[in-house]
Amino acid sequence: MLRDMFFESEIRPEQNGHLLLDSLAERFTYHAREEWVDRLKTGKVTLNGEVANPESVAHKGDKVVYHIENYEEPDVPTDFETVFEDDEFLLVSKPAGIPVHHTGRIFYNTFTAVVRRATDCETATPMHRLDRDTGGLMLFAKDSDTAARFQKNLDRILLRKFYLAVVPGEFPAEEVRCDLPLREDPASPLRVKMFHFEDGKACSTVFRRLAVFDCVDAAESSANLPPAKLSSAKFSLVECELLTGRKHQIRAHLAELGFPIVGDRLYSHEGKYYEKMARGGGLTEEDFAVLGSHFQMLFAYKAEILLPYWDAPRTFTSSYFPKDMSDLLEAYHWSVPTP
């Protein structure tokens, strides 16, 4: 569906007196600087209600509006599962494949916008985030006032977060704690990827193997297995508990341990499928067969929550897995235990 889109922002204090062009190019990197020049020249940006141009100077608090005509977004899944709701909070299960916030190509169907439209909570605010290709439990404050009260002390209400990951091979049976520090590598062409560096940010994840799936045993018993079954003799289902919340923490830690998540385009196969998509190339079914899944098999399946007006913590779970992951778990008759 084609839409006219309007995006509003304010000039930040540190950009006071700078060219509007500089502010746009620095903050909104989904367009290159040359593209912002073109949009300013063609009247697509206003500053305090007046059409701006490449020479416009902006000041702290100025209102900027960017107009996009006849914009068509790529399709993303917009369904979700409501797990818990009260007057202040909403716990939902996000589908894999939709970003929480806007990206270079998705503005209207962000998961935050989808939740707001579906619940009539116009200022519903995610209290944390998940990667676009990661599905699972997300806690939303129903309004901005509630979000402001609890955002800085999120660890007091969202006590523990657990994920399920499917990895190739046989993960160690004993509990594994990974404390490898992580950061980006400016020298890497994969600028968004996290690497292990001793001067990186402190990160801690606990991994527990829940099951090992033998492909040979299941090959004749199910015709509905995802393409992951073609690439490894065994797969492990691993529970991942975040003790810190760094970017790509679980994905990077598992890759560093030698167990990249099935379907992870960035951390498996040396990131070549991520690079292919970044260059504008779509992935083929042959690519997905190598990756093992259409979406990475990482899912935020369990959360322990203690809201201020509860006497004790409550544990919530979700089985709203993406299809490939659901097919795999069903083929091996594995289901999420009841809390």
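Modeller: Bearing in mind that this is a predicted model, we can begin with the second largest pocket, whose lining is formed by Phe7, Val100, His101, His102, Phe107, Thr110, Thr112, Ala113, Arg116, Arg117 and Glu122. The space in this pocket comes to about 210 Å³.

Colleague: Which helix gives the largest share of the lining of the second largest pocket, and how do the lining residues divide into nonpolar, polar and charged?

Modeller: Helix α3, residues 111-119, gives the largest share with four residues, while the lining as a whole divides into four nonpolar, four polar and three charged residues.

Colleague: How should I read the largest nonpolar core, and which residues have the most contacts inside it?

Modeller: The general idea is that nonpolar side chains tend to be buried together in soluble globular proteins. Here the largest nonpolar core has 51 residues, and Phe207, Ile250 and Leu254 have the most contacts inside it. Strand β9, residues 158-168, gives the most to this core, with six residues. Leaving aside residues up to four places away in sequence, Leu254 touches several others, among them Ala165, Val167, Phe207 and Cys240.

Colleague: How many disulfides does a search of the whole structure find, and why is there no bond at Cys178?

Modeller: A disulfide needs two cysteine sulfur atoms within 2.5 Å, and the search finds zero. Cys178 has its closest cysteine sulfur in Cys203, 8.4 Å away, and is therefore too far for a bond. Likewise, the sulfur of Cys240 lies 11 Å from its closest cysteine sulfur, in Cys178, which is too far for a bond.

Colleague: Is Cys240 buried or exposed?

Modeller: Cys240 is buried, at a relative accessible area of 0%, and Cys178 also counts as buried, at 3% relative accessibility.

Definitions and conventions
Residues numbered from 1 in each chain as written. Predicted model: local features only at pLDDT ≥ 70, side-chain atom pairs only at ≥ 80, totals over all residues. Heavy atoms only, no water. 1 Å grid on protein atoms, 1.4 Å probe; cavity = no way out; pocket = protein on both sides within 12 Å on 5 of 7 lines; lining within 4 Å. Points joined across faces, edges and corners; volume = space filled by probe spheres on them. Helix = DSSP H or I, 4+ residues; strand = E, 2+ residues; numbered from the N terminus. Nonpolar A, V, L, I, M, F, W, Y, C, P; charged D, E, K, R; others polar. Core = buried A, V, L, I, M, F, W, Y, C linked by side-chain atoms within 4.5 Å. Buried < 20%, exposed > 50% of the residue type's maximum accessible area, 1.4 Å probe, protein only. Contact = heavy atoms within 4.5 Å.
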